Amino acid sequence: QVQLVESGGGLVQAGGSLRLSCAASGIIFRSIDMAWYRQAPGKQRELAASITSFGTTNYADSVKGRFTISRDNAKNTVYLQMNGLKPEDTGVYYCNAAWTLFQVRRDAWGQGTQVTVSS
């Protein structure tokens, strides 16, 4: 059973930084793709950043140049370094793991961590 536990959210002023962490268990971490999604109040969940098992990264246009996703396979952890935070970055941030098993794409979600950016 795959488990994802996020940490690192909080309240920060605009222009500040936070680093989110997501620790995974129950799966061979180095073989899975990881991503951070976020959901602002009243809006749909959206992809913020992703990193494949090979280390290829992808970012939403709204966070490019400010956020950096990385992974430490030895620690089974993915990180999201967020700099230059803006009030519109406020929301719940969810960690997502995705993998293919028996030709079926599967995924798992963390419980989410709240990020609040004050103006």
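This is a predicted model: local features need pLDDT of at least 70, side-chain atom pairs count only at pLDDT 80 or more; totals for chains, interfaces and linings use all residues.

Reader: Where is the place of Gln103?

Author: Gln103 is in the loop between E9 and E10. Phe102 lies in that loop too, and E10 itself covers residues 104-109.

Reader: And Phe102, buried or exposed?

Author: Phe102 counts as exposed, with 71% relative accessibility.

Reader: What about the backbone there? What is phi for Gln103?

Author: Gln103 has a positive phi of about 65°, although it is not a glycine. Phe102 has a positive value as well, near 50°. Most residues other than glycine have a negative phi.

Reader: Nice, I'll look at those two. Zooming out, how many helices and strands does the protein chain have?

Author: There are 0 helices and 11 strands in the protein chain.

Reader: What is the radius of gyration of the protein chain?

Author: The radius of gyration is 14 Å, and a compact globule with 119 residues would have one near 14 Å, so the chain agrees with that expectation. Along the principal axes, the C-alpha atoms fill a box of roughly 45 × 25 × 25 Å.

Reader: And what share of the residues count as buried?

Author: Of the 119 residues, 40% count as buried. The chain exposes about 6,500 Å², with carbon and sulfur atoms supplying 49% of that area.

Reader: So what's inside? Which residues have the most contacts in the largest nonpolar core?

Author: Those are Met34, Trp36, Val78, Leu80 and Met82, in a core of 28 residues. Several strands each supply at least two residues of this core, among them E4 (33-39), E8 (77-82) and E9 (91-101). Nonpolar side chains tend to be buried together in soluble globular proteins.

Reader: Let's pick Leu80. What is it in contact with, leaving aside neighbours within four places in sequence?

Author: Leu80 is in contact with Leu18, Arg19, Leu20, Trp36, Ala49, Phe67, Thr68, Ile69 and Tyr93. One of these, Trp36, also belongs to the core residues with the most contacts.

Reader: How much of the contact count comes from residues 24 or more positions apart?

Author: Such pairs make up 54% of the contacts in the protein chain with a separation of 6 or more.

Reader: Can we go to the start of the chain? Which strand holds Val5?

Author: Val5 lies in strand E1, residues 3-7. Val5 is partly exposed, because its relative accessible area is 48%, which falls between the 20% and 50% cut-offs. Not counting residues up to four places away in sequence, Val5 touches Ser21, Cys22, Ala23 and Gln111.

Reader: And Gln13, where is that found?

Author: Gln13 is in strand E2, residues 10-13, and is exposed, with a relative accessible area of 60%. Beyond residues up to four places away in sequence, Gln13 touches Val117 and Ser118. Gln13 and Met82 are 69 residues apart in sequence, with 12 Å between their C-alpha atoms.

Reader: Last one, about charges: how many positive and negative side chains are there?

Author: The protein chain has 12 positive and 8 negative side chains, and the centres of the two sets lie 3 Å apart.

Terms used. Residues are numbered from 1 along each chain as its sequence is written. Side-chain values use heavy atoms; hydrogens and water are left out. Helices (H or I, at least four residues) and strands (E, at least two) are DSSP runs, numbered from the N terminus. The radius of gyration is taken over C-alpha atoms; the globule rule is 2.2 Å times the number of residues to the power 0.38. Buried means under 20% relative accessible area, exposed over 50%, partly exposed in between (1.4 Å probe, protein chains only). Contact means heavy atoms within 4.5 Å. Accessible areas come from the Shrake-Rupley method with a 1.4 Å probe; for residues, only the protein chains shown count as cover. Lys and Arg count as positive and Asp and Glu as negative; His and the chain ends are not counted. The place of a charge is taken as NZ of Lys, CZ of Arg, CG of Asp or CD of Glu. A nonpolar core is a set of buried Ala, Val, Leu, Ile, Met, Phe, Trp, Tyr and Cys residues joined through side-chain atoms within 4.5 Å.
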